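This briefing is for a reader meeting the structure for the first time.

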Amino acid sequence: FNVEWWGNGRVQGQPVLPTFYMARYEVTVAQYAAFLNASDHPVLDPQAVQAPPDHPVTWVAWTDAIAYADWLDGELRVRADAGDLGPGVAGLLRDGWRVSLPSEAQWEKAARGGDGRIYPWGDTPEPAFANYRARGTAPVGSFDCPPCAHELSDMSGNVWEWTKIGRAHV
């Protein structure tokens, strides 16, 4: 668990972030396979779609994650124009919002909340709230975490997450 640097004298900042939204769950193998089937994006590593469909997608490069987010943004806009989305998401898209990877600061705020906790639920590892020390991934949303910040699932454990400027450990 000690992959982040918590050195003496390091100041932890509190960046001011504009409002943003984040998906409640990780992208699944099934969702990523739908992207690959509907687009001309090359399959860079076949392992990306070999896990069970309800597990988080792995074996994707940062550029693959960017391509998926761009594709999803376009798909949601088509559905919004057709009236196939609820008014909340459709309204956000009409107002200029877009689907993208979160920045590292956005991911940290979503995962840790605003109170400086180390994990989404507090300051100590809790096997009931995250998939870690396992031999593989768990289905997306397998770990209900009532004390987690912002009611998001799988913000710690299971897989690594990509952000706009690189990778953040989960």
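**Disulfide, cavity and a loop residue**

Cys 145 and Cys 148 are both buried, where buried means under 20% relative accessible area, exposed over 50% and partly exposed in between, with a 1.4 Å probe and protein chains only. The model is predicted: local features need pLDDT of at least 70, side-chain atom pairs count only at pLDDT 80 or more, and totals for chains, interfaces and linings use all residues. Residues are numbered from 1 along each chain as its sequence is written, and side-chain values use heavy atoms, leaving out hydrogens and water.

**Disulfide**
- Cys 145 is joined to Cys 148 by a disulfide, with 1.8 Å from S to S; the term covers a pair of cysteine sulfur atoms within 2.5 Å.
- The count by this rule is 1 disulfide.
- Because the torsion about the S-S bond of Cys 145 and Cys 148 is about 80°, the disulfide is right-handed.

**Loop residue**
- Ile 118 lies in the loop between helix 4 (104-112) and strand 1 (161-163); helices (H or I, at least four residues) and strands (E, at least two) are DSSP runs, numbered from the N terminus.
- With 36% relative accessibility, Ile 118 counts as partly exposed.
- Apart from neighbours within four places in sequence, Ile 118 is in contact with Arg 112 and Asp 123, contact meaning heavy atoms within 4.5 Å.
- Between the C-alpha atoms of Ile 118 and Glu 108, which are 10 residues apart along the chain, the separation is 9.9 Å.

**Cavity**
- Pro 120, Trp 121, Cys 145 and Cys 148 are among the residues that line the largest cavity; a cavity is a set of points on a 1 Å grid over the protein atoms alone where a 1.4 Å probe fits but cannot get out, and lining residues have an atom within 4 Å of a point.

Conventions. 1 Å grid on protein atoms, 1.4 Å probe; cavity = no way out; pocket = protein on both sides within 12 Å on 5 of 7 lines; lining within 4 Å.
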